[in-house]
Amino acid sequence: MTVKVGLALGGGGARGLAHLGVLKVIEAEGIPIACITGTSAGAVVGAMYAQNPHIDAVIARFKKSLAEDFYDKLSANCLKSECTENDSFLTQTTRRFKKRIAINLAQSRRSLLKEFNLQDVLVKFIDEGRIEDTEIPLTIVATGLHTGREIWFESGDIIAAVTASSTIPGIFPPVSMNDDLLTDGAATCPLPVPHLSKMGADVTIGVEVGMRRYQPLESINAIEIISRANMITSHRLGQLMVNTADVAIQPDTKDVHWSEFARCDELIEAGMKATVAKLPEIRMAIRRKVSWPRRVLNLWAQLQSKKWHILPNPFQINP
């Protein structure tokens, strides 16, 4: 029996770059991934790896795209805008003025970053194609705003599905699809572990990349309070869901804000470190799923390869 290992990748914006480090270690250890589920940033990384399961190529493609100025614009658009005591009076006044504009805009339009087309960004990472055609079976989750339900994509246009899964509520506009408005999968399923068993996984690995440390809110306003509360709720739900996996990997993402893509190398390293620490647990989980006759045969093969003097194979059937 071949043990099928399933990998669930959670949402977290830039913190999802830690998934790259997780995959780098898993690939280096020769642990085959039979299926992947992903939410938001986890959907992006999962789709890239499912299409092209070669982590060095995936990381190179990420870094090439991260060199563009889109991500600097994200960080500069009041998304991470707390003032520090070292800021000048003019800087603090400008930031507060921007926040007031953002609050007013929030009442009249679907998103704060209407000028950015998320799908145009995702095509830099993901090849056009269909979910059912990826090299590794893939499932992507989004959230229906009209229905309040999890929306699972197992087939269909891969970029459209990842776009729906990654639309951060209030920041990017929701995606209209099948008489529903779809938004970030993290709203209902920040870590899609449960679906792995439906895909045939025998061993499930969940990777949760919520923020580990919160900085005090320097500037207290409606947007900051709502954003922080949603972040805490998603993190708590993600922690509950990761504990349903056979192996839970939780990289130390520190206080990385979801828009801080410049901390790519730091996050990849965090993912690698957390996965290395979990390798014994992963191997044990795989061994537990192997039937005892198969374990005996595997041991027999190992002994034979070492040319030990042993008795004939009792399980061998002679013609």
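**Close-up views of a predicted model**

Lys 254, Asp 255, Glu 260, Arg 263 and Glu 266 are linked in a network of salt bridges. A salt bridge here is a side-chain nitrogen of Lys or Arg within 4 Å of a carboxyl oxygen of Asp or Glu. The model is predicted, so local features need pLDDT of at least 70 and side-chain atom pairs count only at pLDDT 80 or more, while totals for chains, interfaces and linings use all residues. Residues are numbered from 1 along each chain as its sequence is written, and side-chain values use heavy atoms, with hydrogens and water left out.

**View 1. Arg 263 forms salt bridges with Asp 255 and with Glu 260.** The N to O distance is 3.5 Å for Asp 255 and Arg 263, and 3.3 Å for Glu 260 and Arg 263. Side chains of opposite charge can pair when their charged atoms come close. Is Glu 260 buried or exposed? Glu 260 counts as buried because its relative accessibility is 18%; buried means under 20% relative accessible area, exposed means over 50%, and partly exposed lies in between (1.4 Å probe, protein chains only). Asp 255 is partly exposed at 24%, and Arg 263 is partly exposed at 21%.

**View 2. Lys 254 is a residue other than glycine with a positive phi.** The phi value of Lys 254 is about 55 degrees. Lys 254 lies in the loop between strand 8 (247-249) and helix 10 (264-289). Helices (H or I, at least four residues) and strands (E, at least two) are DSSP runs, numbered from the N terminus. With a relative accessibility of 31%, Lys 254 counts as partly exposed.

**View 3. Asn 178 also has a positive phi, near 50 degrees, and is not a glycine.** The loop that holds Asn 178 runs between strand 5 (175-177) and strand 6 (180-183). Asn 178 counts as exposed because its relative accessibility is 71%.

**View 4. Asp 56 and Lys 24 form a salt bridge.** Their closest N and O atoms are 2.7 Å apart. This pair links distant parts of the chain, with Asp 56 in helix 3 (residues 55-66) and Lys 24 in helix 1 (residues 18-28), 32 residues apart. Lys 24 is partly exposed, with a relative accessible area of 28%. A search of the whole structure finds 10 salt bridges.

**View 5. Strand 3 (residues 138-144) is largely enclosed by the rest of the structure, because 7 of its 7 residues are buried.** In a regular strand the side chains alternate between the two faces of the sheet. Which residues of strand 3 point one way, and which the other? Leu 138, Ile 140, Ala 142 and Gly 144 point one way, Thr 139, Val 141 and Thr 143 point the other way, and all are buried.

**View 6. Strand 3 pairs with strand 2 (residues 33-39), strand 4 (residues 150-153) and strand 6.** Two strands pair if DSSP finds at least two bridges between them. Strand 2 and strand 3 run parallel and are joined by 4 bridges, with Thr 37 opposite Thr 139. Strand 4 pairs with strand 3 in the antiparallel sense over 4 bridges, and Glu 150 stands opposite Thr 143. These two strands form a hairpin with 5 residues between them, and Gly 148 in the turn has a positive phi of about 75 degrees. The pairing of strand 3 with strand 6 is antiparallel, over 2 bridges. Leu 182 in strand 6 is the bridge partner of Gly 144.
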